[in-house]
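I opened this entry to look up a core, a helix pair and a loop residue. My notes follow the structure.

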Amino acid sequence: MKKEYYTLVALMLMIFGEALSIYSELYSSRLPQSFAQDPIIFLKPMILITIAGLCLVLSYWMGYRGTGNIWIVTVASLTLLLILEPIIIFIMLRQVPARGAAIGFVLGALGLIATVAL
């Protein structure tokens, strides 16, 4: 497989894994019951976070093979997290980010652009 394909597939896996991880965390935070009362209710977020973890591990492996630099992969992962988290929070909880979160969103987008372009 060409390096470009590794990088592209890694980025897609990373986006999916980060989004699924965030969704799972937010989903579990909204569960009304405690773990002691009904442990089965936490099964869905646990399965989702496991799938997300597999995607993220594969994305790091493929990203490193594609770029040859772990720092590019790490910065892309952190930046995607900064970008995706406010979007998914707004979609799921209908909460608007505060000023600091909005600034972080913009800076995260600039960081992703710098990582890919430079």
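**Core and helix packing**

I looked up Leu 26 and found that Leu 26 touches Ile 88, Ile 89, Met 92 and Leu 93, leaving out residues up to four places away in sequence; contact means heavy atoms within 4.5 Å. The model is predicted, so I note that local features need pLDDT of at least 70, side-chain atom pairs count only at pLDDT 80 or more, and totals for chains, interfaces and linings use all residues. Residues are numbered from 1 along each chain as its sequence is written, and side-chain values use heavy atoms, with hydrogens and water left out.

Next I looked up the largest nonpolar core, which has 12 residues, among them Leu 26, Ile 88 and Met 92. Such a core is a set of buried Ala, Val, Leu, Ile, Met, Phe, Trp, Tyr and Cys residues joined through side-chain atoms within 4.5 Å. Buried means under 20% relative accessible area, exposed over 50%, partly exposed in between (1.4 Å probe, protein chains only). Helix H1 (3-29) and helix H3 (70-93) each supply at least two residues of this core, and H3 gives the most, with 7 residues. Helices are DSSP runs (H or I, at least four residues), numbered from the N terminus.

**Loop residue**

I then looked up Pro 39, which lies in the loop between H1 and H2. Pro 39 counts as partly exposed because its relative accessibility is 41%. I also noted that the C-alpha atoms of Pro 39 and Val 9 are separated by 35 Å, with the two residues 30 apart along the chain.
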